[in-house]
Amino acid sequence: MMDLKTLSLVGGVLVLLGAAAAVVHVLKRRTDSGIDPAIVETFRLRLRAWALLFAVLAATFVIGSAATVVLFWAISFWALREFITLTPTRPGDHRALFWVFFLCTPLQFFLVGMRWYGLYSILIPVYAFLLIPARIAIAGDAKRFLERTAKIQCGLLICVYCLSYAPALMTLRLPGRPAEASTAAEIGDGVMLGAQAPGRVSRSAAAAAADPGQNARLLFFFVFIVQLSDAFQYAWSHLPVRHVIAPAISPTRTWEGVLGGAATAALVGGALWWATPFPVWMAALMSLVIAVMGFAGSMTMSAIKRDRGVRDYGTLVAGHGGVLDRIDSICFAAPVFFHCTRFYLNMAESINPLA
Amino acid sequence: MKRLAFPPPVEVQVPRGALTERVAGAGLALIAKLISGFSVRWFDCVPDTCQRVYFANHTSHLDAIVIWAALPSEVRHLSRPVAAKDYWEAGAVRRYLANKVFNALLIDRKRIKVHQSPVDLMLREIGHTHSLIVFPEGSRNPGPEVGPFKSGLYYLCKKRPDLECIPVYLDNMNRILPRGEVLPVPLLSSITFGPPIWLERDEPKAEFLHRARQAILRLREI
């Protein structure tokens, strides 16, 4: 179950979403508000997606970290589906795609679940990277070989590898995490850290009683800041001063929006420092990094969509939600946030080993 | 266009089969939905239990199952896919699925006799209650193109001009389970049901088949 801090973070976000839903509901009723109904409708749909995302995320925290990994596997699977559906492949890619969906994707999340950092951090960039072109070559179709290979590799890296770093936050060894987890932590990290420092286990065990929900909070904090900075980038881009970044990619994204959104995310993230293992300034800095990476992800996925001539991954096949539209920024921000956090914690520990 | 007069439809209660088969049917429909990730669109057409001939482009072994699975359950159990006997009689699982679960009408492609023409067999089997799911191209296309139609659809309609012919366009199914593959890749696809067409009085065969093919191609643009 959840402790007080986790409960206030999760509850706070859900209350915020509820309040936003109420505002949108009123705006939808009133035609004289002077706001474009299309914007209200877009915002309403987004809110629904967020509410669903955060509610499911909160539910998996109650069940446990394995449930979170499975949840992200499902999201990953669906996103990859959308990505490959959009990407033209040839019949010769069929077998390679089969392995991508049914071997690489589940294996990546399985390794994340068993905390094998040494393998899951290279499984797709090295082994899947080599497997895909080899399998396509064996199928014997040389037409636009490099292009096809690159598209599948790109889809796998963005939708599976990058996204898997979000549930990997659940496996990070934070100061004060549960003892059972730290003994099994990070098998492939070169050295068995648990064996190297026997004192740490007991310290963690002592701290664990105080704070078992720290990893769940970190993940929730991360997803919340990504979505928040997305929303605020959109909001700030409606300022009267507009310097559009790349009209051919996204006509609505402005530098003002990005700066405003990133600054807002940093402020909110700093204010939420109590939910994270960071001090205030570090929480703000991390939020800034998340916002910038989220922006990079949205721009990249917009470029792919523009190239393929679709507006949303959701409209590609009518009736589907467009999972990839919602998680593009998470995909880019997750690995960077994970590694920054990991680096920061290692630094903090080496400077002050008793902290 | 004047439609010919026909006896009014008779309300017949069709037994829905044993519980295990119904559960297996619902399960199969769900699996088909999960694997092919299809979304269904009804364009100028609504699901109905009246007798219909759903005719679709054919690119995958999944085609018959996904159209069947895309129909609402009260229409589904009245609709029988027409499928190749040599494929669906091979192996116990396929035979069970074809005969018991989605109630396929299996046609022997190798031995077609004058007295036992597939069209007569289909008409006899559907009676005045069932609908058919057919693929007028005859066999699966390797790519997304729609090939020329064989004449079966025409003869079917000539003998029963009261049947509503519903064009169905299947998109992306050829990438999910292409010709010659056993294992599916779970991409997303869509199934579009279009407005019905009928065989008009004295309409030549070639003209009707062309019109039917165009009805499917039009759904591609929507």
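A: The domain assignment of chain A gives two domains: domain 1 covers residues 1-63, and domain 2 covers 213-355. Keep in mind that this is a predicted model. Taken over C-alpha atoms, the centres of domain 1 and domain 2 of chain A are 18 Å apart. The two domains touch. Domain 1 of chain A puts eleven residues into the contact, and domain 2 of chain A puts in eleven residues. On the domain 1 side, helix 1 (4-29) and helix 2 (37-63) of chain A are the elements that give two or more residues. Helix 1 of chain A gives the most to that side, with five residues. By class, the domain 1 side has eight nonpolar residues, one polar residue and two charged residues.

Now the close look. Take Leu174(A). Leu174(A) sits in the loop between helix 7 (145-168) and helix 8 (179-183) of chain A. Is Leu174(A) buried or exposed? Leu174(A) has 21 other C-beta atoms within 10 Å. The cut-off for a buried residue is 20 or more. Leu174(A) therefore counts as buried.

Which residues does Leu174(A) touch, not counting residues up to four places away in sequence? They are Gln214(A), Asn215(A), Leu218(A), Pro277(A) and Leu345(A). Take one of these, Gln214(A). Gln214(A) and Leu174(A) are 40 residues apart along the chain, yet their C-alpha atoms are separated by 7.5 Å.

Step back to chain A as a whole. Its secondary structure comes to 14 helices and two strands. Chain A has 355 residues, and 42% of them count as buried. Consider its contacts with a separation of 6 or more: 73% of them join residues 24 or more positions apart.

How confident is the predictor here? The average pLDDT of chain A is 84, and 84% of its residues score at least 70.

Chain B holds an open sheet of seven strands, in the order 1-7-6-2-5-3-4, with mixed pairing. Strand 1 (38-42) and strand 4 (105-107) of chain B stand at the edges; each has a single partner strand, so one side of each is left without a neighbour in the sheet. Neighbouring strands of this sheet are turned by 20° against each other on average, direction ignored.

Strand 3 (residues 79-84) and strand 4 of chain B run parallel, joined by three bridges. Ala84(B) stands opposite Ile107(B) in strand 4 of chain B. Helices pack here too. Helix 2 (residues 62-70) of chain B packs on the sheet and touches several strands, including strand 1, strand 2 (52-56) and strand 3 of chain B. Its direction makes about 175° with that of strand 3 of chain B. Helix 6 (residues 118-126) of chain B lies across strand 3, strand 4 and strand 5 of chain B, at about 165° to strand 4 of chain B.

Now strand 7 of chain B. Strand 1 and strand 7 of chain B pair in the parallel sense over five bridges. Trp42(B) stands opposite Phe193(B) in strand 7. Strand 6 and strand 7 of chain B run antiparallel, joined by four bridges. There Phe193(B) is the bridge partner of Val168(B). Strands of a sheet pair through backbone hydrogen bonds, either parallel or antiparallel. Strand 7 of chain B is mostly covered, with five of its five residues buried. Both of its faces are covered. Ser189(B), Ile191(B) and Phe193(B) lie on one side, Ser190(B) and Thr192(B) on the other.

Definitions and conventions:
Residues are numbered from 1 along each chain as its sequence is written. Chains are lettered from A and ligands numbered from 1 in the order in which they are written. This is a predicted model: local features need pLDDT of at least 70, side-chain atom pairs count only at pLDDT 80 or more; totals for chains, interfaces and linings use all residues. Two strands pair if DSSP finds at least two bridges between them. Axes are lines fitted to C-alpha atoms, for helices over the stretch in contact, and angles run from 0 to 180 degrees between N-to-C directions. Two residues are in contact if their C-beta atoms, placed from the backbone, lie within 7 Å. pLDDT is the predictor's confidence in each residue, from 0 to 100. Domain bounds come from an automatic or database domain assignment. Ala, Val, Leu, Ile, Met, Phe, Trp, Tyr, Cys and Pro count as nonpolar, Asp, Glu, Lys and Arg as charged, and the others, Gly among them, as polar. A residue is buried if 20 or more other C-beta atoms lie within 10 Å of its own, exposed if 12 or fewer, and partly exposed in between; C-beta atoms are placed from the backbone.
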